[in-house]
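Work through the exercises below with the sequence and the model side by side. Try each task before reading its solution.

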Amino acid sequence: MPCSLPAMCDAQRMLCLVDTRPAMKSSLAGTNKEILFPYVIENLEEYLSAHWEEDECKQDVHLLKKQSEEDLRQNKPCPVHEVAQTVHTDEEKAIREVVENVLWQMAADRKTTTLKQLQGHMRRAAYLTGRIKGGVYQDVVPAIRRWRHHGLNVYIYSSGSVEAQKLLFGYSVEGDLLDLFDGHFDTNIGAKVESKSYENIAERICCQPDEIMFLTDVTREAKAAEDAGVNVAVVVRPGNLELTEEERNRYSIITSFSQLELSGSV
């Protein structure tokens, strides 16, 4: 049944904030779990070996080492970087340690900024060479074009880096879709399960929280957005975690963007 929000149509400015996670299925992208996640796992060691001496790779590894040290201080079980990236006498051992750490973080479905940065750099190389393309559900593009026609601004808020978002939609199976979005946010604005993050975004885009509709398939994120005063709809996509009966009763549920009727004026 279509999800209609007539109370929001009177807002002076209507904004729609959509969620996407490049490492897994999301409300927008349909093939990311099957393509991007395995791509990083299968090509990580090769990528590190090829780019080990480059400044960008050195920075990625340095930040991973810092994250590992912070995890140890917090008594989190994680691999330890015993060989600094700047020590070149045992490069293979250092690369193995980085691989071990990254694979552990991915298996734990961690959302650390350091992990997302490295993944983003790997995907950028893959997108630019045409080895992968971003997958988008068929209902997404027509719906967003319709919303924009009605005066809505559309933003992305993702645990994936802004760069990763732009690569996914800039090199999608439907071509360059970046003109559909008015801006991008990642975990630098705050964690997606913290209500303060949504308050920060509302302030950044100069609008009130109740003028925002947030689309997500993760109920913890939905609750955080609601706590900040943001309107929420939970998008159910094939392959995502099943919602409990309580969650289905609490949130507006849609299975396609075409079910969400939004309008606004600028």
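**Exercise 1. Between which helices does the loop with glycine 135 lie?**

Solution. Glycine 135 sits in the loop between α4 (113-128) and α5 (140-149). Helices are DSSP runs of H or I with at least four residues, strands are runs of E with at least two, and both are numbered from the N terminus. Next, check burial. Glycine 135 is buried, with a relative accessible area of 3%. Buried means under 20% relative accessible area, exposed means over 50%, and partly exposed is in between (1.4 Å probe, protein chains only). Last, look across the fold. Glutamate 174 is 39 residues from glycine 135 in sequence, yet their C-alpha atoms are 8.2 Å apart.

A note on the source: this is a predicted model, in which local features need pLDDT of at least 70 and side-chain atom pairs count only at pLDDT 80 or more, while totals for chains, interfaces and linings use all residues. Residues are numbered from 1 along each chain as its sequence is written, and side-chain values use heavy atoms, with hydrogens and water left out.

**Exercise 2. Find where the model's confidence is low.**

Solution. Start with the average. The protein has a mean pLDDT of 82, and 80% of the residues score at least 70. pLDDT is the predictor's confidence in each residue, from 0 to 100. Contact means heavy atoms within 4.5 Å. Residues 21-26 also have pLDDT below 50. Where pLDDT is low, the predicted coordinates should not be read in detail.

**Exercise 3. Describe helix α3 from end to end.**

Solution. Count: α3 covers residues 91-107, which is 17 residues. Span: from first C-alpha to last it reaches 24 Å, close to the expected 24 Å. The expected span is 1.5 Å times one less than the number of residues. Burial: among the buried residues of α3 are Ala94, Ile95, Val98, Val102 and Met106.

**Exercise 4. Which residues touch the most other members of the largest nonpolar core?**

Solution. They are Leu48, Trp52, Val102, Trp147 and Leu215, in a core of 46 residues. Another core, of 20 residues, lies apart from it and includes Ile201 and Ala222. A nonpolar core is a set of buried Ala, Val, Leu, Ile, Met, Phe, Trp, Tyr and Cys residues joined through side-chain atoms within 4.5 Å. Ala222 is also one of the buried residues of helix α8 (residues 219-227).

**Exercise 5. Characterise the rings around tyrosine 157.**

Solution. First, the pair. Tyrosine 157 and phenylalanine 214 are tilted, at 6.5 Å centre to centre and 45 degrees between the planes. Rings of Phe, Tyr and Trp (its six-membered ring) pair if their centres lie within 6.5 Å; planes under 30 degrees apart are stacked, over 60 edge-to-face, and the rest tilted. Second, the placement. Tyrosine 157 is in strand β3 (residues 153-157) and phenylalanine 214 in strand β5 (residues 212-216), so the pair ties together parts 57 residues apart in sequence. Both residues are buried. Third, the surroundings. Lysine 192 lies over the face of tyrosine 157, at 5.5 Å from the ring centre. A charge sits over a ring if NZ of Lys or CZ of Arg is within 6 Å of the ring centre and within 35 degrees of the ring normal.
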